[in-house]
Amino acid sequence: MSKKVTIRMLRHCFATHLLDNGTNIRKIQILLGHQRLETTAIYTHVSNQSLAEVTSPLDLLPDGSGPAQK
């Protein structure tokens, strides 16, 4: 079964890969030529990899309860 590849699909993949590789969403917005950040957010759906890399601010507290305290 083959799937039709569109320009929109390529833009979406491009933006998602940039986000997964740590590119700031504001830079992606400029590259894609979007005026609104909300439009860019559609192209750069939040991937599982991006979610796994998020550090909770609570983990950074120096009270001994987070991984930052050793």
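Analyst: Let me begin with a term: helices (H or I, at least four residues) and strands (E, at least two) are DSSP runs, numbered from the N terminus. This is a predicted model, in which local features need pLDDT of at least 70 and side-chain atom pairs count only at pLDDT 80 or more, while totals for chains, interfaces and linings use all residues. Residues are numbered from 1 along each chain as its sequence is written, and side-chain values use heavy atoms, with hydrogens and water left out.

User: OK, so where does Leu31 sit, and is Leu31 buried or exposed?

Analyst: Leu31 lies in helix H2, and Leu31 is exposed, with a relative accessible area of 56%. Here buried means under 20% relative accessible area, exposed over 50%, and partly exposed in between, using a 1.4 Å probe and protein chains only.

User: And how many helices and strands are in the protein chain?

Analyst: The protein chain has four helices and zero strands, and its order from the N terminus on is α-α-α-α. Of its 70 residues, 21% count as buried.

User: Which residues make up the largest nonpolar core?

Analyst: That core has six residues, namely Ala15, Leu18, Leu19, Ile28, Leu32 and Tyr43. Helix H1 (7–20) and helix H2 (25–32) are the elements that give two or more residues to this core, and H1 gives the most, with three residues. A nonpolar core is a set of buried Ala, Val, Leu, Ile, Met, Phe, Trp, Tyr and Cys residues joined through side-chain atoms within 4.5 Å.

User: What is Tyr43 in contact with, leaving aside neighbours within four places in sequence?

Analyst: With those neighbours set aside, Tyr43 is in contact (heavy atoms within 4.5 Å) with Arg8, Arg11, His12, Ala15, Thr16, Leu32 and His34.

User: Back to H1, then: which of its residues are buried?

Analyst: The buried residues of H1 are Ala15, Thr16, Leu18, Leu19 and Asp20. After H1 comes Gly22, whose phi is positive, near 95 degrees.

User: What about the length of H1, how far apart are its end C-alpha atoms?

Analyst: They are 20 Å apart, which agrees with the 20 Å that its 14 residues should span at 1.5 Å a residue, because the expected span of a helix is 1.5 Å times one less than its number of residues.

User: One last thing: where is Val5 found?

Analyst: Val5 is in the segment before H1, and Val5 is exposed, with a relative accessible area of 54%.
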